[in-house]
Amino acid sequence: MDKCRHFERCSAPLCPVDEMIRRRLWYVGEPVCKNPFYTKLGWIRKQRTIQRKKIIFWLNRSIELPELIDASRPRQMTFLELDTTSRSD
């Protein structure tokens, strides 16, 4: 874990350079990675959004990395959903 110069000062439970990251858990309210090199990662941006908006779905439970990665991807809409949303406008 010596690849990150922020490692000694950072207390984020999900560290991008941690080899065991898939076994780690994160809760809303815990620190998020501050290393500028990694802040553009989708799952770190999702963590910051969850922290900022306090989304009820994410509160009071442990969150694993794969769940954050899935949540950070844009949702793919089907043609039927696109058609329905365009009619409601």
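Predicted model: local features only at pLDDT ≥ 70, side-chain atom pairs only at ≥ 80, totals over all residues.
Residues are numbered from 1 along each chain as its sequence is written, and side-chain values use heavy atoms, with hydrogens and water left out. Local features need pLDDT of at least 70 and side-chain atom pairs count only at pLDDT 80 or more, whereas totals for chains, interfaces and linings use all residues.

**View 1. The largest nonpolar core has 16 residues.** Such a core is a set of buried Ala, Val, Leu, Ile, Met, Phe, Trp, Tyr and Cys residues joined through side-chain atoms within 4.5 Å, where buried means under 20% relative accessible area, exposed over 50% and partly exposed in between, with a 1.4 Å probe and protein chains only. Those with the most contacts inside the core are L14, W26, W43, I44 and L68.

**View 2. The surroundings of L14.** Leaving aside residues up to four places away in sequence, L14 touches I21, R24, W26, C33, W43, Q47 and L68, a contact being heavy atoms within 4.5 Å.

**View 3. Two aromatic pairs are found in a search of the whole structure.** The rings of F37 and Y38 have centres 5.0 Å apart and planes at 85 degrees, so this pair is edge-to-face; rings of Phe, Tyr and Trp (its six-membered ring) pair if their centres lie within 6.5 Å, with planes under 30 degrees apart counting as stacked, over 60 as edge-to-face and the rest as tilted. F37 counts as exposed at 68% relative accessibility, whereas Y38, at 17%, counts as buried. The rings of F57 and W58, with centres 5.1 Å apart and planes at 85 degrees, are also edge-to-face.
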